[in-house]
Amino acid sequence: SRLDFSWEPLPLAISLDTRTTWPQDDGARKLLGRSWSRSAGVSVSYDVLRLGDKLTASVDLGWSLASRINLSSFSPDEEKLRTHLLSLGLSLRYHVLRWLAPYARVAGGMGWDKLTVGGDTGQWQDSTSFAHGSLGGGLFLRSPGLLLGLRSLGVALMGSIEGGYFLAPASSLALSASSDPEIENPIPSAAVPIGSMGRSAPYLRITLGLAF
């Protein structure tokens with residue numbers, strides 16, 4: 001049987017995301033050991049409103065993780081920095097062609113950092129949470145939809161490339177000794193300040209997934 005394709009709208013999309021940021025803060029660059037950071041994650045989006053044939057409003061929910069291991073800026077021991085981001089976005093796109101649409105997007109949410117210095121047990125650590133937001137724009141692309149089964153379900157490839165600016169407050173970092181779970185009453189120790197880390201940075205976000 002032959003394959004049937006359609007350009008009918010497919011409102012739901014699930015995609016894999018990658019995001020690269022270029023921190024402007026010297027403390028963040030020192031902690032990362034380089035001038036950029038990359039995260040990977042997953043997102044789900046849904047077209048909530050169509051304004052005519054060309055204009056569409058969409059919401060998306062995404063999670064990403066950036067991880068950097070074996071740093072050496074503050075200690076000769078192993079260092080590990082993990083940053084989780086949970087984001088809710090709203091975008092408005094204009095379909096110049098059926099397969100091509102420039103768009104603008106605003107997003108915000110919460111993030112969590114965890115810095116660990118030491119061996120496998122992590123002798124020193126610090127963790128913090130923060131709010132974040134972003135403003136960007138880019139290009140949305142999709143393929144024609146392949147009609148499946150009784151032609152009530154279509155699936156298409158979709159992707160986007162987006163650039164913008166990520167905004168989040170800086171944090172002061174202070175390492176505290178992690179307690180040994182085998183010790184009932186560990187001796188408290190003072191946290192050791194190691195400086196601050198600024199998070200605001202320009203970013204490039206790329207997504208690739210399936211639309212239904």
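Asp 26 is exposed, with a relative accessible area of 60%, which puts Asp 26 over the 50% needed for that label. This residue belongs to helix α1, which covers residues 26-32. The model described here is predicted. In that model the C-alpha atoms of Asp 26 and Gly 198 are 8.0 Å apart, although 172 residues separate the two in sequence.

The chain as a whole gives the setting. The protein chain has one helix and 12 strands. Of the contacts in the chain with a separation of 6 or more, 65% are between residues 24 or more positions apart. Among the 212 residues of the chain, 38% are buried. The chain exposes about 12100 Å², and 62% of that area comes from carbon and sulfur atoms.

Ser 6 is part of strand β1, residues 5-6. Its relative accessibility is 17%, so Ser 6 counts as buried, the cut-off being under 20%. The side chain of Ser 6 comes to 3.0 Å from the backbone nitrogen of Glu 8. When neighbours within four places in sequence are left aside, Ser 6 is in contact with Arg 142, Pro 144, Gly 145 and Leu 147.

Salt bridges come next. The count of salt bridges in the model is six. One of them joins Arg 93 to Asp 47, with 2.7 Å between the closest N and O atoms. Arg 93 and Asp 47 are both buried.

A further salt bridge is formed by the side chains of Arg 105 and Glu 162, at 3.1 Å from N to O. This pair also links distant parts of the chain, with Arg 105 in strand β6 (residues 100-117) and Glu 162 in strand β9 (residues 153-167), 57 residues apart. Both Arg 105 and Glu 162 are buried.

Glu 162 has another partner, Arg 205, and the closest N and O atoms of that salt bridge are 3.1 Å apart. Because Arg 205 lies in strand β12 (residues 201-211) and Glu 162 in strand β9, the pair ties together parts that are 43 residues apart in sequence. Arg 205 has a relative accessibility of 10% and therefore counts as buried. For Glu 162 the relative accessible area is 1%, so Glu 162 is buried as well. Through shared partners, salt bridges join Asp 17, Asp 60, Arg 105, Glu 162 and Arg 205 into one network.

The aromatic rings remain. The count of aromatic pairs is zero, a pair being two rings with centres within 6.5 Å. Charged side chains do sit over rings, however. Arg 19 lies over the face of Phe 166, 4.6 Å from the ring centre. The charged end of Arg 34 is placed over the ring of Trp 36, at 3.9 Å from its centre.

Terms used:
Residues numbered from 1 in each chain as written. Predicted model: local features only at pLDDT ≥ 70, side-chain atom pairs only at ≥ 80, totals over all residues. Heavy atoms only, no water. Helix = DSSP H or I, 4+ residues; strand = E, 2+ residues; numbered from the N terminus. Buried < 20%, exposed > 50% of the residue type's maximum accessible area, 1.4 Å probe, protein only. Phe/Tyr/Trp six-rings, centres within 6.5 Å; stacked < 30°, edge-to-face > 60°. Lys NZ or Arg CZ within 6 Å of the ring centre and 35° of its normal. Polar contact = N/O pair within 3.5 Å; in protein donor to acceptor, adjacent residues only side chain to side chain. Contact = heavy atoms within 4.5 Å. Areas by Shrake-Rupley, 256 points an atom, 1.4 Å probe, with all protein chains shown as cover. Salt bridge = Lys/Arg side-chain N within 4 Å of Asp/Glu carboxyl O.
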